[in-house]
Amino acid sequence: MYQILKQIFKTGIKTETPPQADESMRVDTQRLQQAILDTFDGAMAIRMVDAGSCNGCELEIHAVNNAYYNIEGLGIKFVASPRHADLLLVTGPVSRHMEVALKRTYDATPEPKLVVAVGDCGCDGGIFGESYASCGKVSNVIPVDVAVSGCPPTPTAILQGILTAISAGHVAKK
Amino acid sequence: MPIKHPRLKLTRLTDALQVWAGEIASDDLYEICQQVRDSGGRLVALWGSDARQENMGFKLHVVLINEIGVVCLNVQLSAEQPVYPDVSRIFPAANRMQRAAYDLLGIYAQEGQDHRKWLRHGAWSSGSFPLRKDFDAAASLAQEPEDYPFLQVKGQGVHEIPVGPVHAGIIEPGHFRFSVIGERVLRLEEHLGYVHKGIEKRFESMTVQQGAKLAGRVSGDSTVAYAWAYAMAAESIAKVTPPEHALWMRALLLERERVANHLGDLGYLGNDVALSFGFAQFWILKEQMLRNNASLFGHRYLMDKIVPGGVTASLDVEGKHIINQECDMLEKQVRILRGIYEEHAGMQDRFITTGIVEPKLAAQLGLCGLAGRASAQAWDSRVQFACAPYDKLDVQMATYRNGDVAARAIVRFGELFESLRLQRDILVNLIHEDEAPSLIEKLPPNGFGIGMVEGWRGEVMVGIHTDAEGNLTRVHPHDPSWQNWPLLEHAVVDDIVPDFPLINKSFNLSYSGQDL
């Protein structure tokens with residue numbers, strides 16, 4: 001126990017300042033009302049769905065949980081069931097074999113809900129594109145609020161995408 | 001020459017790797033496989049290709065490995081009745097590969113016991129085969145998923161737990177069907193193929209350089225290993241030897257990929273036994289390494305740095321200094337953390353005797369790579385078939401024989417320290433080179449090449465075939481997970497369900513790499 005405490009003490013605090021929301025990542029105009037977003041702010045449950053990725057984006061989503069980005073420190077946590085989730089974080093391309101599972105996950109997530117597509121493949125099908133086996137981008141299968149590009153996107157970009165989706169400060173202009 | 005047979009004439013494919021290829025008749029396949037098996041050899045990969053346009057029917061390609069080298073057997077099959085003898089009776093690992101070869105190409109293992117579909121769930125109909133040349137890759141045939149005939153365990157008190165495809169964590173999708181009594185697992189059956197996204201078909205429309213990008217995305221966590229194996233295969237066809245500094249650079253990148261993945265997994269092994277301290281600490285180290293990757297090479301995971309012909313990365317004196325410092329820091333920190341892991345009673349209690357794969361079973365079923373070495377299977381292609389520059393590095397293989405979660409953690413620690421040593425040695429030999437690499441833009445016609453690299457998970461292999469114009473006509477990337485997934489089914493038997501995530505993480509196999 002002493003060794004663990006010593007190591008924690010020596011390591012110190014690594015967490016960095018989180019990025020600001022970035023409206024350029026928004027795909028859909030804000031589907032949720034400001035009041036609801038105010039409620040989400042500071043307590044958000046995410047269900048992550050790999051709908052066909054190469055596992056590259058997953059590496060960076062893991063990294064969002066490390067001490068530097070410390071997503072849980074912002075009140076955002078990953079949960080084990082879509083029924084507990086406010087937001088789906090989806091990597092792509094959506095394989096045809098995952099199409100039904102993704103739709104069912106979306107349906108199982110209670111309203112109001114948000115969807116953030118992660119990675120070039122989630123944004124536009126990426127290098128895998130659309131084919132007999134791939135539906136391409138996430139928004140071909142379920143509605144997407146915010147898309148984060150990159151191959152894979154950095155943890156900061158993923159965090160920024162999530163914060164953009166839940167940012168209460170900007171209501172889309174009519 | 002690795003094998004001798006009166007009707008088999010082998011030719012060496014490349015000087016870079018001890019790999020031979022030869023044509024044999026379908027009737028001789030079984031006998032040769034048996035011979036390789038008897039001499040202690042293993043199956044590496046099995047795939048098919050469509051050669052009907054050249055009036056050569058279909059072809060089956062079987063890659064075998066023994067102590068002497070790697071052999072690719074090419075078997076011509078008739079266009080009307082593309083059948084071949086079932087080799088899963090000799091190499092059980094062939095089972096899923098043969099089923100996948102049927103799903104994708106319609107070639108069929110005769111006398112096989114198991115003909116259930118494997119990669120096809122319903123995205124294309126039975127009787128149509130995506131890798132045949134007359135299949136329209138853009139066709140959308142999506143249907144409702146078809147049922148999969150799991151083997152059922154019957155008896156009093158047995159119940160089933162279906163898990164997935166969407167899992168309860170940040171992890172790739174797949175389905176696990178547990179049959180349990182109380183907490184105890186009687187049987188696990190995997191059903192994979194959910195992330196099949198048509199990678200092999202995609203290759204067929206790409207140039208050799210575009211293909212390198214795709215190869216680097218077969219399994220994102222092994223991007224360096226795949227890109228290198230692909231480049232090696234392409235260079236073998238083009239008869240090009242990459243410059244020496246490029247080979248040293250590739251080895252440096254591969255060892256960095258190994259260290260980064262081992263750091264991440266060791267952290268998650270802590271997390272899975274509720275020692276979140278381990279996750280926090282190891283992921284701080286991993287993040288520092290990824291940031292160095294980003295600043296030195298321009299990509300956190302080193303994607304697209306290895307291309308057929310050379311590398312697109314260079315390292316100056318200052319960069320070398322940064323990596324040397326990083327190695328010293330990691331060495332020191334990981335030694336502290338290893339001490340804490342070893343002395344943590346709760347953790348060792350969960351690790352030791354959990355998820356055992358006995359060496360005998362590992363040998364029978366062909367467990368390979370890191371998991372194999374933790375079950376006394378002393379194979380590491382950096383050691384046995386050391387291609388340049390590993391022939392100058394004298395890699396020390398890490399092995400253990402207990403075959404449990406603890407053993408797989410011990411091997412990870414061992415390999416991590418060895419990789420740090422190798423990186424330092426590589427830096428001594430690496431010359432700074434700013435010149436742009438002379439890339440291979442076009443491959444010679446009717447070529448065939450194989451590349452094999454010991455990735456962090458195990459041996460990654462890529463086979464490339466070119467057509468009469470020198471275009472990619474068939475590319476087959478092979479992940480060691482093909483061999484190792486079936487062993488996971490054995491490892492969990494008699495353990496309790498809550499230990500599954502821990503056992504699974506100790507293997508950390510690729511879904512995308514085997515689903516393709």
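The model is predicted, with local features requiring pLDDT of at least 70 and side-chain atom pairs pLDDT 80 or more, while totals for chains, interfaces and linings use all residues. Residues are numbered from 1 along each chain as its sequence is written, chains are lettered from A in the order in which they are written, and side-chain values use heavy atoms, without hydrogens and water.

Select B:Thr466, which lies in strand E14, residues 459–466 (strands are DSSP runs of E, at least two residues; helices are runs of H or I, at least four; both are numbered from the N terminus). B:Thr466 is buried, at 5% relative accessible area (buried means under 20%, with a 1.4 Å probe and protein chains only). Next, display the backbone nitrogens of B:Gly447, 2.6 Å from the side chain of B:Thr466, and of B:Asn446, 3.3 Å from a polar atom of that side chain. Contacts of B:Thr466 beyond four places in sequence include B:Ile237, B:Leu443 and B:Thr473 (contact means heavy atoms within 4.5 Å).

Now select the interface, where 63 residues of chain B are in contact with 52 residues of chain A. Across this interface the rule finds two salt bridges (a side-chain nitrogen of Lys or Arg within 4 Å of a carboxyl oxygen of Asp or Glu). A:Glu16 and B:Arg291 form a salt bridge at 2.6 Å, N to O. Finally, colour helices H3 (199–203), H4 (208–215), H7 (276–297) and H8 (317–343) of chain B, each of which supplies at least two residues of the side touching chain A. H7(B) gives the largest share, nine residues.

Note on methods:
Buried < 20%, exposed > 50% of the residue type's maximum accessible area, 1.4 Å probe, protein only. Polar contact = N/O pair within 3.5 Å; in protein donor to acceptor, adjacent residues only side chain to side chain.
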